[in-house]
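Subject: Structure handover

Dear colleague,

Please find the structure below, with the sequence. My notes on it follow.

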Amino acid sequence: MGLKIANVSKVYGQKKVVDNISFEINSPGVFGLLGTNGAGKTTTIRMLLGILKKTEGEITWRGKEVTRKNVNFGYLPEERGIYPKSKIYDQLTYFAELKGMKRQEANEKVKYWTQKLKIEEYINLPAEKLSKGNQQKVQFITAVMHNPELIILDEPFSGLDPVNTQIIKEVILELVAEGKYIVMSSHQMTSIEEFCKDVVIINKGKTVLKGNLQEIKDNYECNGLQINSKTNIEEYIKEIGLEIKFSKNNEYDIKIQGEEKAYELFNLLAKNNIKINKFEVKKPSLQEIFIQKVGETQ
């Protein structure tokens with residue numbers, strides 16, 4: 001038993017910003033909470049952490065009502081909140097002690113995490129001297145260093161270069177392996193697809209899609225074909241009547257409707273002895289599904 005959000009709503013005056021949202025996370029892993037700006041994601045996160053009071057519904061963690069006192073959570077908000085003039089060491093030990101750590105344990109955790117995220121050389125610098133990406137890593141440390149059971153990551157890869165993105169991704173996978181429950185909200189759909197087995201998409205406060213990501217995709221026909229060949233194959237693609245969305249150096253991203261035409265092209269290429277390095281029929285991406293479902297509710 002993990003996190004359960006049942007028929008939760010939040011009303012400000014006459015405006016219902018979250019409208020009857022429900023989802024569950026019953027096993028360790030990463031759950032994707034998706035939506036456009038203003039969809040109600042941040043309000044939902046603040047309610048499930050007990051920061052905001054819900055208007056209706058039930059939010060429980062391990063069968064008990066969620067409050068800030070009975071849930072050991074870690075929260076990386078989208079709005080960053082480190083102190084620019086304070087040294088990194090001072091900030092991290094301060095936040096660790098706020099979470100109940102003794103000074104010695106806090107020192108050990110600060111050393112461990114700054115080394116792990118490769119920012120130990122900046123530990124005695126004020127935050128304003130760090131790059132945006134390294135400031136992001138400092139805030140990530142404050143969200144996880146106290147060993148929380150439930151972790152909320154709102155745009156965790158914002159401002160990170162590819163190297164540092166990979167560092168954070170590896171840490172998230174380690175946290176999942178340790179049995180952590182993680183809710184991730186991000187506009188980077190490829191990251192959501194990489195980590196999340198289950199997702200919910202909200203728009204204008206309402207749920208527009210939720211469930212197992214693979215099962216959701218299975219309900220859609222294949223709409224893309226990627227081919228990498230030894231030679232130019234545009235004439236064969238046009239002969240079959242397919243549309244090329246993008247091509248470069250004999251790599252082709254082709255629009256299809258179902259698999260039939262894709263394999264008709266494959267057979268044509270084989271008949272003409274065309275060597276193929278890659279032939280992949282693809283379901284819609286999460287980004288394509290997201291745009292479609294949100295568009296239906298505009």
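Before the rest, two remarks on the source. This is a predicted model, with residues numbered from 1 along each chain as its sequence is written. Local features need pLDDT of at least 70 and side-chain atom pairs pLDDT 80 or more, while totals for chains, interfaces and linings use all residues; side-chain values use heavy atoms, with hydrogens and water left out.

Helix α1

Helices here are DSSP runs of H or I with at least four residues, strands are runs of E with at least two, and both are numbered from the N terminus. Six of the eight residues of α1 are buried; buried means under 20% relative accessible area, exposed means over 50%, and partly exposed is in between, for a 1.4 Å probe and protein chains only. The buried ones are Lys41, Thr43, Thr44, Ile45, Met47 and Leu48.

Isoleucine 45 belongs to α1, which spans residues 41–48. Its relative accessibility is 0%, so isoleucine 45 counts as buried. Neighbours within four places in sequence aside, isoleucine 45 is in contact (heavy atoms within 4.5 Å) with Leu33, Tyr75, Ile152, Asp154 and Ser185.

Glutamine 136

Helix α4 (residues 132–144) contains glutamine 136, which is buried at 4% relative accessibility. The side chain of glutamine 136 reaches the backbone oxygen of proline 156 at 2.8 Å. Apart from neighbours within four places in sequence, the contacts of glutamine 136 are Leu76, Arg80, Glu155, Pro156, Phe157, Ser158 and Leu160.

Nonpolar cores

A nonpolar core is a set of buried Ala, Val, Leu, Ile, Met, Phe, Trp, Tyr and Cys residues joined through side-chain atoms within 4.5 Å. The largest has 48 residues, of which Leu117, Phe140, Met145 and Ile172 touch the most other members. Not counting residues up to four places away in sequence, methionine 145 touches Leu92, Ala96, Met101, Ala106, Lys109, Val110 and Trp113. There is also a second, separate core of 27 residues, including Ile25, Met47, Val71 and Phe73.

Aromatic rings

Rings of Phe, Tyr and Trp (its six-membered ring) pair if their centres lie within 6.5 Å; planes under 30 degrees apart count as stacked, over 60 as edge-to-face and the rest as tilted. The count by this rule is eight aromatic pairs. One of them is stacked: tyrosine 83 and phenylalanine 95, at 6.2 Å centre to centre with 5° between the planes. Tyrosine 83 lies in the loop between β6 (73–76) and α2 (88–98) and phenylalanine 95 lies in helix α2, so this pair ties together parts twelve residues apart in sequence. Both are partly exposed, tyrosine 83 at 41% and phenylalanine 95 at 21%.

Tyrosine 112 and tryptophan 113 make an edge-to-face pair, with 5.3 Å between centres and 85° between planes. Tyrosine 112 is partly exposed at 44%, whereas tryptophan 113 is buried at 8%.

A charge sits over a ring if NZ of Lys or CZ of Arg is within 6 Å of the ring centre and within 35 degrees of the ring normal. Lysine 99 lies over the face of phenylalanine 73, at 4.6 Å from the ring centre, and lysine 169 over that of phenylalanine 157, at 5.9 Å.

Regards

Conventions:
A polar contact is a pair of N or O atoms within 3.5 Å; within protein, one must be able to donate a hydrogen and the other to accept it, and residues adjacent in sequence count only if both atoms are side-chain atoms.
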